[in-house]
Amino acid sequence: MEKDKKSEEKLVKSYVRYLKLERNYSANTLEAYRHDLDYLLTYCHREQKEPQELKLEDLQHFAATIHEQGIGPTSQARILSGVRSFYRYLLLDGYIEQDPTELLESPRIGEHLPEVLSTAEVDQLESSIDLSRAEGHRNRAIIEILFSCGLRVSELVNLHLSDLFLDEGFIRVLGKGSKERLVPISKRAVQELGFWFDDRKHMQIKPGEEDYVFLNRRGAHLTRTMILIMIKRQAEAAGIKKTISPHTLRHSFATALLEGGADLRVIQAMLGHEDISTTEIYTHIDTTTLREEVLQHHPRNISSHKNSSND
């Protein structure tokens, strides 16, 4: 039994190394894949089988067991996606001769748009910030960049001063898999950054943290958790009843672009999605809204807001 455990640990380490070196996945992504694999390994232990021994019917049973655990369809689909990735590696490295996941189906996920904020609600969120507080301008800049540029929160906390090309109107973003992309930045976001930089000049910054755009009171770069807490508290202060997170602002960015008539491939590039099917979730919006808003640009990038007339 001890030998089997060591063999399994060696296999998992090899798989994680493959994801890191060959697929160039970030630490957060590696952790997510490793966590998803734990579901499969737990199932294997219970069935007293090695992962390499599982057939399609075993994996269908495995899929049924995670469903019975009360795990939602989206999470089930993610877990099975991770399992498929693991078996592709096993096939690639010669552990198995045939991939048993080829015909494994994922649960159907209802087509719905994630929670989004309107431009007015983003304005409401920003207006509720107390600018007399030390972190006031910083928090406004954070919210504006998340909304205007559609960054992931991990991309925002790792944003460096050397990534800003404000005169050219772009920022450089290091996304998933260490892939770089250039994202346009609106004049409003540049303005908010300027206010934050005025405050930032007077801070005592810790050695090694000087190039980070966003810092906490102690002069160190922010964490994802800090930003999550800040946005939830700010939403409460603004009287916004929706359950929001930093990712909500990214969804709002994508939705605003689509409503403004942007091509789906453009949105895919701006969001840094490797697969356009990930971007396609934003097509499931009300067609009336599309008709009303088509040909308009992202609300932060237009000089004036035109009121639509009701005939």
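Strand β2 gives the most to the lining of the largest cavity, three residues. Strands here are DSSP E runs of at least two residues, helices H or I runs of at least four, numbered from the N terminus. This is a predicted model: local features need pLDDT of at least 70, side-chain atom pairs count only at pLDDT 80 or more, and totals for chains, interfaces and linings use all residues. Residues are numbered from 1 along each chain as its sequence is written, and side-chain values use heavy atoms, with hydrogens and water left out.

Back to the cavity. A cavity is a set of points on a 1 Å grid over the protein atoms alone where a 1.4 Å probe fits but cannot get out; lining residues have an atom within 4 Å of a point. The volume is about 40 Å³. Who lines it? E155, N158, L159, D163, R172, V173 and L174.

Now the largest nonpolar core. It has 46 residues, and I145, L193 and F214 have the most contacts inside it. A core joins buried Ala, Val, Leu, Ile, Met, Phe, Trp, Tyr and Cys through side-chain atoms within 4.5 Å. Buried means under 20% relative accessible area, with a 1.4 Å probe and protein chains only. Helix α6 supplies the largest share, seven residues.

Take F214. Its contacts (heavy atoms within 4.5 Å) include I142, I145, L193 and W196, leaving aside residues up to four places away in sequence. Apart from this core lies another, of 28 residues, including L19, Y43, C44 and I66.

Last, helix α2. Its buried residues include Y43 and C44. After α2 comes Q48, with a positive phi near 55°.

Key: Buried means under 20% relative accessible area, exposed over 50%, partly exposed in between (1.4 Å probe, protein chains only). On a 1 Å grid over the protein atoms alone, a cavity is a set of points where a 1.4 Å probe fits but cannot get out, and a pocket is an open set with protein on both sides within 12 Å along at least five of seven lines; lining residues have an atom within 4 Å of a point. Grid points are joined across faces, edges and corners, and a volume is the space filled by probe spheres set on the points.
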